[in-house]
Every structure is written in structure tokens, then in C-alpha cells.
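Have the viewer open and follow along.

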Amino acid sequence: MNGTLEAGTAALAPTRAHARHVASDADCDAFVRDIYEQYGPLLVRYAARLLDGDWHRAEDILQETAARAWKHARFLSTRGEHIRPWLFTVARNLVIDHHRARAVRPLDLMAVEDLDASWDGTESTITSHAVREALRELKEQHRTVIRLMYSLECSVAQAAEHLGIPPGTVKSRAFYAVRALRKSLEKQGVLGV
């Protein structure tokens, strides 16, 4: 299989993006686009092999490799034929970092006996329906802040940047949104007074 990959990559010699000097952000973007086109599938297969077939994590490795290539685009674009080994080295190092992180923080598994076998999906369905109804009663500003901060788990700074408002305004809207949501849920009888 390795011979097949090598034979298949011979046609993927460095192109115009590797030969020119990267001067602007647009050139950096084109450079990264060329990297995705030429080396993307190869890097994903390589990373997946090192990750014991975890294709989703391999795609994350490809994205991080491309991000690092973008950061170093001005240097790499002048390197021509040396970009392929650089990309594969970065991908390998990212996989090694992933394995080291997993060794330090192994996945905690819970014994089946410890799971709550009496969980009732009906109650959670009714609760989520009540929350959706309560959210519809809120002002659009409040719904947006709740969606950003609690559903998408954005920080105050990220929400402020997304909305184009100061962080203090985001905090204030979040406070009043949660308070209004609580009142609506109490009115529906979901929360006790």
C-alpha cells in the first residue's frame, strides 16, 4: 500500500502555490487550499493509520496541520519540494501529542452497574419541550445570548465579538435572559417557586 501511495503522489509535485512567494493573506489562503487539494487525502490516511483508524481525529490532525502551514506560509512557499516532508512531520508530531495527552488523561469509563437504569425519557422530553416554549417567549436579544452562551458554549468575550457589543452588555443580557427564562418555566410549572 505504501508503494501505491508513493506512486500516486509523484503526480502531486509542488504547484504554482509552492513556487511563488506568498505575500498576502489571499496568497496564504490559496497556498493552504493547494495543500488541502494535494496532500489532504494523504495526510488524513496517514494520520488515521497512526490513530488506529480514527478518521474523525485524523481530519482534526489535517486541519491543525493546515493551520500551522498557514501560519508559516511565507516561509514554506519558498521551500518548494520540502513542504511534503514538513507536513507529514507536523501531522506525526500532532498524533504523538494526541497519544501523550490520552496517556496523561485517559478516558474515564463508568461501570454499567453505576448507571441510572431508572431514567425516563418521557420526563426529559417534556422538560425540553417546556424549555423550548419558554425560549420562544423571550426577546430575540435574550434568545440569541442564551443560544451563544449556553447552547454553543461561547465565552462572554466570544459572544460579545459575535454580536458586536461590549462584554458587559453580554453579561447583562445573559442575566436578564436567564431570569426571564426562569419566570417563564415557573409559570409553566416546570420549576418550583
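Which residues are exposed on the other side of α10? They are Lys171, Phe175, Lys183 and Lys187, where exposed means over 50% relative accessible area, buried under 20% and partly exposed in between (1.4 Å probe, protein chains only). Before going further, please note that this is a predicted model, in which local features need pLDDT of at least 70 and side-chain atom pairs count only at pLDDT 80 or more, while totals for chains, interfaces and linings use all residues. Residues are numbered from 1 along each chain as its sequence is written, and side-chain values use heavy atoms, with hydrogens and water left out.

Helix α10 spans residues 167-188; helices here are DSSP runs of H or I with at least four residues, numbered from the N terminus. With 22 residues, α10 reaches 31 Å from its first C-alpha to its last, close to the 32 Å expected at 1.5 Å a residue, that expectation being 1.5 Å times one less than the number of residues. Its buried residues are Val170, Ala174, Ala177, Leu181, Ser184 and Leu185. These cover an arc of only 100° around the axis, which puts them on the same side of α10; the arc is taken from the directions from the helix axis to the C-beta atoms. Just after α10, Gly189 adopts a positive phi of about 85°.

Now look at the neighbouring packing. The axes of α9 (residues 156-163) and α10 come within 8 Å and cross at roughly 105°, with axes being lines fitted to C-alpha atoms over the stretch in contact and angles running from 0 to 180 degrees between N-to-C directions. The two helices α9 and α10 are therefore roughly perpendicular, a label for 65 to 115 degrees. Val156, Ala159 and Ala160 of α9 make the contact with Pro167, Val170 and Lys171 of α10, contact meaning heavy atoms within 4.5 Å.

Aromatic rings come next. Rings of Phe, Tyr and Trp (its six-membered ring) pair if their centres lie within 6.5 Å, and planes under 30 degrees apart count as stacked, over 60 as edge-to-face and the rest as tilted. The count comes to two aromatic pairs. Tyr46 and Phe88 have ring centres 5.1 Å apart and planes at 65°, so this pair is edge-to-face. Tyr46 lies in α3 and Phe88 in α6 (residues 83-104), so the pair ties together parts 42 residues apart in sequence. Both Tyr46 and Phe88 are buried. Phe175 and Tyr176 also form an edge-to-face pair, 5.1 Å centre to centre with 80° between the planes.

Terms used:
Angles under 35 degrees count as roughly parallel, over 145 as roughly antiparallel, 65 to 115 as roughly perpendicular and the rest as oblique.
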